[in-house]
Amino acid sequence: MSNRIDNLLHEDRRFAPSDEFAANAVANAELYAEASDDRLGFWARQARELVTWEKPFTQTLDWSNPPFAKWFDDGTLNVAYNCLDRHVDAGNGDRVALHFEGEPGDSRSLTYAELTAEVKRAANVLTGLGIRAGDRVAIYLPMIPEAVIAMLAVARLGAVHSVVFGGFSADSLRSRIDDAAAKLVITADGGWRKGKVSPLKPAVDAALEARGDLGPQDTVTNVLVVKRGENTVDWNPERDRWWHDELAAASPDHTAEAFPAENPLFILYTSGTTGKPKGILHTSGGYLTQAAFTHKNVFDLHADSDVYWCTADIGWITGHTYVTYGPLANGATQVIYEGTPDSPHPGRWWEIIEKYKVSIFYTAPTAIRSFMKLGRKIPKQFDLSSLRLLGSVGEPINPEAWMWYRKVIGGKTAPIVDTWWQTETGAIMISALPGITETKPGSAQVPLPGIAIDVVDDDGNPVGEGNGGLLVVTEPWPSMLRGIWGDPERFQETYWEKFGDKYFAGDGARLDDDGDVWLLGRVDDVMNVSGHRLSTAEIESALVSHPFTAEAAVVGASDETTGQAVVAFVIIKESQLEESKAVEDIQAVLRTHVGEQIGPIARPRQIFVVNELPKTRSGKIMRRLLRDVAEGREIGDTTTLADTTVMQIITEKVG
Ligand code: 6R9
């Protein structure tokens, strides 16, 4: 880490936007002045200009009961109407909303009029299945248009979606269904990944069956199944319905009802420092305002000419805010792609950019680094000249990857916006504004207009320029989380207890001499693997749930491609070892087990079988030392260990 900070301090490259870009930029520098003069007035103006309200709000922020914020509280709106009908009403019904590219090469484009009609039908189907405002609907789908349609149909009814990433296991799905007490699950038979169909419906079946006596009573009454993979599926005629049959029979007319600004819109689960994922709750008016504002200004969106592509899956917050809500609220034309970047060939993404003339491209550093490894020859085979703006999200982007992105993908001209935000923040918080900010490789740079952030020490005192500390948000913002589903105490504890009046993001950061922010990674036990948050505790409990394992410790070790990688240290039960199992077999079994319990992304890159774990006298595992081992470094200070010889033994084992 210290090495990295030094490198960052020596970064003095700067890239100013071209005159042409600056002249046509959507954002303007006055936004900063306006927001610093009257922050709430600034957000009220954005909310009035970017969102259509059924009943206008009169109060911008109610912060009388912190940390529970209410934004635009007495206003009413329908989020789906804002993403659909109003564009059709404004004469843009023929504009393409979604260019869908399937992994096997099939494609389909939906205009705003077509997408609106589909969502109306789906809303009628959901109503027919008993879904009402406030009900929870779990969505477990591949990246196909139906994923967006399903989210918007739920939102249209004032119901609450909980999208579960299609790569998650039946167990993960079940715990999310249970936690939110979902009434309906929307899934698909399967989706395309890496050249073959990856089934989804079996995981839903397993999640709904394997409840045992532990889970709460079965809240799910129906499963709606999109046909995509054409794989054979088991069918429960009482519970399961085909999406296409139901939609074909449904009326295409549906009038969107308005709901209060603070009506819950979705729950999205994310890893925390303890094992149990947190259901992050977002509501309607404030979320949509900041989603639309940031999408328009950070990506310099010219809705009538741009083609926008965000590569995130809808299972992540980036897919919620920058595939579904932001772009559609702004009437953008966007690409969605079902599959993996290298299927059927390593140039697939660049081919898609060429095919649709994508002008705005938003992806994660892990993807950029894996393309870098393959070399520039691959992207050079495609015409990427349509690209005029590039974005990065999910983890710090190292300056080398930033420079490669700029040169090889952006043709040395497209500005890069490195956007810092979280599931909890709902929308981008820190980023350059293209056309205005001079960009700096590796730094997320400046808080957006209307956003107040700081870097503080452990006691909450600002560290000032040139110093490092903890990133905090010092004022409430429109798209902030409104809580953790069903657990207000955990909400207070996790984010607000440390500093009282400031939101604690869990990230380390440093301010350089210009006051620009450099993100340094998580300060808690959360790892960032390919931009996905995983908790050490969650993987440890998956490992320990296997009969082989007596104890486990998991660390995030730095990895050239994925940013961090999961490395596990496990102690195997004596009884199991006595059966003289080969270490390789144990490792393979445990890797598979973690994949089944959580999902393939959580599978450890390495599992070391050890006899002991380094612990303090109070019994806390010293992950810092294990990280030293995992990263092949000399072991740091071991004086607080209960048994100081243990690290030597581990190092010998691993060596
Ligand atoms: C949007 C998203 C949030 C965590 C966050 C931080 C890391 C995200 C970043 C970044 C450095 C950026 N992170 N963007 N770190 N630079 N531009 O990724 O949400 O999945 O909740 O993860 O990701 O550590 O705290 P989420």
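How much space lies in the largest cavity? The model is predicted, and in it the largest cavity holds about 40 Å³ of space. A search of the whole structure finds three cavities of 30 Å³ or more. Rolling a probe the size of a water molecule over the atoms shows where empty space is left.

The lining of the largest cavity consists of Leu 77, Asn 78, Val 79, Ala 155, Gly 158, Ala 159, Phe 259, Asn 263, Pro 264, Leu 265 and Ser 284. By class, this lining divides into seven nonpolar and four polar residues, with no charged ones.

The ligand has 17 residues around it, of which Asp 418, Thr 419, Thr 423, Asp 507 and Arg 522 come nearest. The shell around the ligand divides into six nonpolar, six polar and five charged residues. At least two residues of this shell come from each of α13 (317-329), β20 (416-419) and β25 (517-522).

| Residue | Protein atom | Ligand atom | Distance |
|---|---|---|---|
| Glu 395 | backbone N or O | nitrogen | 3.3 Å |
| Thr 419 | backbone N or O | nitrogen | 2.8 Å |
| Arg 522 | polar side-chain atom | oxygen | 2.7 Å |

On its own the ligand has 530 Å² of accessible area, and the protein covers 96% of that area.

The structure holds 37 aromatic pairs. One of them joins Phe 168 and Trp 316: the ring centres are 6.0 Å apart and the planes stand at 75°, so the pair is edge-to-face. Phe 168 lies in the loop between β7 (160-163) and α9 (170-180), and Trp 316 in the loop between β16 (307-310) and α13, so the pair ties together parts that are 148 residues apart in sequence.

The backbone is the last topic. Most residues other than glycine have a negative phi, and most peptide bonds are trans. The peptide bond from Pro 66 to Pro 67 is cis, with omega near 5°; Pro 67 sits in the loop between β1 (61-62) and β2 (70-71). The bond from Ser 343 to Pro 344 is also cis, with omega near 0°, and Pro 344 is found in the loop between β17 (333-337) and α14 (348-356). Glu 230, a residue other than glycine, has a positive phi near 60°. Its place is in the loop between β11 (222-226) and β12 (240-242).

Terms used
Residues are numbered from 1 along each chain as its sequence is written. This is a predicted model: local features need pLDDT of at least 70, side-chain atom pairs count only at pLDDT 80 or more; totals for chains, interfaces and linings use all residues. Side-chain values use heavy atoms; hydrogens and water are left out. A residue is near a molecule or strand if one of its heavy atoms lies within 4 Å of it. A polar contact is a pair of N or O atoms within 3.5 Å; within protein, one must be able to donate a hydrogen and the other to accept it, and residues adjacent in sequence count only if both atoms are side-chain atoms. Accessible areas come from the Shrake-Rupley method with a 1.4 Å probe; for residues, only the protein chains shown count as cover. Helices (H or I, at least four residues) and strands (E, at least two) are DSSP runs, numbered from the N terminus. Ala, Val, Leu, Ile, Met, Phe, Trp, Tyr, Cys and Pro count as nonpolar, Asp, Glu, Lys and Arg as charged, and the others, Gly among them, as polar. On a 1 Å grid over the protein atoms alone, a cavity is a set of points where a 1.4 Å probe fits but cannot get out, and a pocket is an open set with protein on both sides within 12 Å along at least five of seven lines; lining residues have an atom within 4 Å of a point. Grid points are joined across faces, edges and corners, and a volume is the space filled by probe spheres set on the points. Rings of Phe, Tyr and Trp (its six-membered ring) pair if their centres lie within 6.5 Å; planes under 30 degrees apart count as stacked, over 60 as edge-to-face and the rest as tilted.
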